[in-house]
Amino acid sequence: MRFTIDEKLSLPIHVQLKEQLKSLIQQGLYQPNDQLPSVRELAGFLRINRNTVQKAYTELEQEGFAGSRCGIGMFVAPDAADKFHTMQDELLNQTILALDAQGINIQEFAFALLARHQVRCAERGMRPVLLFVECTASQAAELAGELATETGYVVKPCVLRDLSAQEASIRSGDYDLIVTTFLHVEEVEDYVEKLGLEKRLPVAACLLESNILAMKRLQGLPKGSRVGIACATWEGTGNIRKSIIQSGLDHVELVEGAGEAPDTLPLLLNQTACIVCSSYVAPLIQAFSPTMPVIIDDQTLTKQSIRLISQMIEGGART
């Protein structure tokens, strides 16, 4: 038996982004009154359409988690943290009112809800199958493994350039969901759209904690700062460079290196403010210079992105 995804619960990309931004606020990465990245910066860094980011910000503002300041930008609302504490109480109150209005016995409903939850837990034995698409084989395998561990689902890695090789499997309904990062979501959605499937296959976009943290740190550097970037491979380094350039963070000068070319790493240390690198490269950098500030840019899924994926699969997402 395969899980069936309710089409109404396929969350638009801007809603996925909004919910994951709310989670970053809840975790304290962005504090009350902190300025959020501009639409241009966030769209460029994540390589998605600016309209997608604008929609996410508009809804964040409508829900009271952020507010715009004319001519300055978008800021976290001063009372944003309080909203998370009241969300569960509001949901409980709304549920009680709805049950009362329909004459439903609350105690019986509570028992039925618990029973339904137990059924869903039992259904986890019939595991959904997900396809995780990323730009490199190592990143696809790493993120697919992380998602499989966190959810218990079957998650198969796929390199973006090889996505077309999955066409037969996609058409035959082998996958319940395609997952990728915001860096590639538009490419994946375009590919799925062109297949013209009779039943739409949803695409989930994951926000990477390290991406947002690196972006926030770079925003605070003085103009003209030299920033080293390095991953295990030149391809990974190129991806970091592309995101920084497209975000419009042109106040920093980028110097590149890669773990596969160890002789390039010492060159990153010359008058450099900090280095953005993977955890593979970080010990190599710190062996040359223990005091060099290092921003680890590993590919790590946010907890909210994993939660959204589970909701999309199990039918618990709310728009």
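So, strand 7 (residues 225-231) and strand 9 pair in the parallel sense, over four bridges. Pairing here needs at least two bridges found by DSSP, and strands are DSSP E runs of at least two residues, helices H or I runs of at least four, numbered from the N terminus. Quick caveat: this is a predicted model, where local features need pLDDT of at least 70, side-chain atom pairs count only at pLDDT 80 or more, and totals for chains, interfaces and linings use all residues. Residues are numbered from 1 along each chain as its sequence is written, and side-chain values use heavy atoms, with hydrogens and water left out.

Back to strand 9. Ile-275 there stands opposite Gly-228. Strand 9 also pairs with strand 10 (residues 294-296), again in the parallel sense, over three bridges, and Cys-277 has Ile-296 as its bridge partner in strand 10.

What about the faces of strand 9? Both are covered: Cys-274 and Val-276 on one side, Ile-275 and Cys-277 on the other, all buried, meaning under 20% relative accessible area with a 1.4 Å probe, protein chains only. In a regular strand, side chains alternate between the two sheet faces.

Next, Gln-16, which sits in helix 1 (residues 13-26). Buried or exposed? Gln-16 is buried, at a relative accessible area of 1%. Leaving out residues up to four places away in sequence, Gln-16 touches Leu-11, Phe-182, Val-203, Ala-204, Ala-205, Leu-308 and Met-312, where contact means heavy atoms within 4.5 Å.

Terms used. Buried means under 20% relative accessible area, exposed over 50%, partly exposed in between (1.4 Å probe, protein chains only).
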